[in-house]
Amino acid sequence: MTAEAGVVEITRLDERHRYELVVDGARAGFAQYRDEPGKVVFTHTVIKPEYEGRGLGSRLARHVLDDAVARGERIVPECPFIAAYLRRHDEYESSVDWP
């Protein structure tokens, strides 16, 4: 992926229970989660201040949610950012268990 910021990569790190967003080789943010049987619970999302305002948070949210759906997991949005994203994107509603 490319952005005005440069090359963007999003990687799922199961051992750390997070997805990391990297821009031009530097970690710009992450989405923390915990696994539960048949579910992925998103608990915290961060975009570093110097990367805010570039749409990277939305790209991260879309990626993690699409990945959860592809894995057949239910989505539980405890994280306020992920919850707000889901409220604006009803295409995920059939996969969401609101807390």
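Which residues are buried in helix 2 (residues 80-88)? In this predicted model, the buried positions of helix 2 are Ile82, Ala83, Tyr85 and Leu86. Viewed down the helix axis, these residues fall within an arc of 160°, so they line one face of helix 2. Pro80, Arg87 and Arg88, on the other side of the helix, are exposed. The packing partners of the buried residues are strand 5 (39-47), helix 1 (56-70) and strand 6 (74-77).

The axes of the two helices are 10 Å apart and meet at an angle of about 80°. Because angles of 65 to 115 degrees count as roughly perpendicular, helix 1 is described as roughly perpendicular to helix 2. Helix 1 contributes Gly57, Ser58, Ala61, Arg62, Val64 and Leu65 to the contact, and helix 2 contributes Phe81, Ile82, Tyr85, Leu86 and Arg88. By class, seven residues of this contact are nonpolar, two are polar and two are charged. Ile82, Tyr85 and Leu86 of helix 2 are buried and take part in the contact with helix 1, as does Arg88, which is exposed.

Backbone geometry was considered next. Most residues other than glycine have a negative phi. His17, which is not a glycine, has a positive phi of about 55°. His17 is found in the loop between strand 2 (6-13) and strand 3 (18-23), and its relative accessibility of 35% makes it partly exposed. Asp24 likewise has a positive phi, near 50°. Asp24 is placed in the loop that lies between strand 3 and strand 4 (26-36).

Notes. Residues numbered from 1 in each chain as written. Predicted model: local features only at pLDDT ≥ 70, side-chain atom pairs only at ≥ 80, totals over all residues. Heavy atoms only, no water. Buried < 20%, exposed > 50% of the residue type's maximum accessible area, 1.4 Å probe, protein only. Helix = DSSP H or I, 4+ residues; strand = E, 2+ residues; numbered from the N terminus. Arc of directions from axis to C-beta. Contact = heavy atoms within 4.5 Å. Axes fitted to C-alpha atoms, helices over the stretch in contact; angles between N-to-C directions. Parallel < 35°, antiparallel > 145°, perpendicular 65-115°, else oblique. Nonpolar A, V, L, I, M, F, W, Y, C, P; charged D, E, K, R; others polar.
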